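Q: I have not looked at this structure before. Please take me through how to read it, one feature at a time.

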Amino acid sequence: MSTADPEAQVKACYSTWADTYHADYFGPQAAYPPVHRDLVVRLVRESGARSLLDAGCGPATFLREFAGSGIDLYGFDLTPEMVAEARRVLGEQGVDPSNIWQGSVTNPESYRTAGDKTFDAAICLGVLPHVPEDADSVVIANLRERVRPGGLVVVEARNQLFALFTLNRYSYDLFAKDLIGEPKSEKAPNAEALQDALAELRRHFRMDLPPIRKGKEGEPGYDEVLSRAHNPLILSRAFTSAGFTNVRTLFYHFHCFPPMLQSRFPEFFREESLAREEPDDWRGYFMASAFLVAGERA
């Protein structure tokens, strides 16, 4: 599917998801236990934040974890249906509905509240995969500008380097597009020979995995809209370049085997993978499917 208008497509993808998104990803039947929820909550609480902005808040997935904690909660999302659900959930917990609004993480005006408030902490989770590559620095700069000096910013991303462990279509994409890329030598073979070589490479990976995630009610699905992975080394460097200190990369959703083997030992796979959840483990660069980058505004 074309990504000529990625925001419109992402908005369409999530428009039918507002009522079930939280249960699908954070409920007891979620494919992966939401281990990053506790990690994000701990980071925010340890920072001592008294105000929190969630940029791309969805149905208040994370903000609801702080309701009643004494932290002032604010958030915005691209999708009107998600905004409505977030207002409903937080309204039941005493949060003013006006604290949740519609906006885009790439638009600096979306981060502003009445009185041009700055925040003690800002989070942006589940959003960067849907942001064009050239907009990553814009989002990071927007988050930085809306927290006070010393304020915490946490972003989440899918781990591109995990493809070195998956041995599936993600691996082929990483090898072909990011590691091999275009020829640089004057003695490069012709285009047909190169395509033959790449076809041979494809045969070494399970190109049918993982299955393409489709949407609901005719809307595009997660894998049918812009849904990128990020290199954790590059994203953490971008944080440092943007003026953050104490930058940390924290990994989650570890896999004890390549995912294609999960069906062979489903119970062992789940329990062993959970036992390996250690955010600071270097193996996370390759064995964890997602990560957080956290830093403090200098």
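Q: Leaving out residues up to four places away in sequence, which residues does Thr79 touch?

A: Contacts of this kind show which parts of a chain come together. This is a predicted model, and in it Thr79 touches Val10, Lys11, Tyr14 and Ser15. Thr79 itself sits in the loop between strand E2 (72-77) and helix H4 (80-91).

Q: Is Thr79 buried or exposed?

A: The cut-off for buried is under 20% relative accessible area. Thr79 has 1% relative accessibility, so it counts as buried.

Q: Where is Cys13 found, and what is it in contact with beyond its neighbours within four places in sequence?

A: Cys13 belongs to helix H1 (residues 6-15). Its contacts, with those neighbours set aside, are Pro220, Gly221, Tyr222 and Val225. Cys13 and Lys216 are 203 residues apart in sequence, yet their C-alpha atoms are 7.8 Å apart in space. With a relative accessible area of 4%, Cys13 is buried.

Q: What share of the contacts in the protein chain with a separation of 6 or more comes from residues 24 or more positions apart?

A: The share is 76%.

Q: How many helices and strands does the protein chain have?

A: The secondary structure comes to eleven helices and seven strands.

Q: Which residues of H7 are buried, and what do they pack against?

A: The buried residues of H7 are Arg169, Ser171, Tyr172, Leu174 and Ala176. They pack against two helices, H6 (163-166) and H8 (191-202).

Q: What should I look for in the backbone angles?

A: Most residues other than glycine have a negative phi, and most peptide bonds are trans. Leu167 has a phi near 60°, a positive value in a residue other than glycine. Leu167 lies in the loop between H6 and H7, and is partly exposed with a relative accessible area of 37%.

Q: What is the phi of His253, and where is His253 found?

A: His253 is not a glycine either, and its phi is positive, about 60°. His253 is in strand E6 (residues 244-254). Its relative accessible area is 13%, under the 20% cut-off, so His253 is buried.

Q: Is the peptide bond from Leu209 to Pro210 cis or trans?

A: That bond is cis, with omega near -10°. Pro210 is placed in the loop between H8 and helix H9 (232-241).

Q: How do I judge the overall shape, and what is the radius of gyration of the protein chain?

A: Compare the value with that of a compact globule. With 298 residues, such a globule would have a radius of gyration near 19 Å; the protein chain has 20 Å, which agrees. Along its principal axes the C-alpha trace spans about 60 × 45 × 40 Å. Buried residues make up 50% of the 298 residues.

Key
Residues numbered from 1 in each chain as written. Predicted model: local features only at pLDDT ≥ 70, side-chain atom pairs only at ≥ 80, totals over all residues. Heavy atoms only, no water. Helix = DSSP H or I, 4+ residues; strand = E, 2+ residues; numbered from the N terminus. Rg over C-alpha atoms; globule rule 2.2 N^0.38 Å. Buried < 20%, exposed > 50% of the residue type's maximum accessible area, 1.4 Å probe, protein only. Contact = heavy atoms within 4.5 Å.
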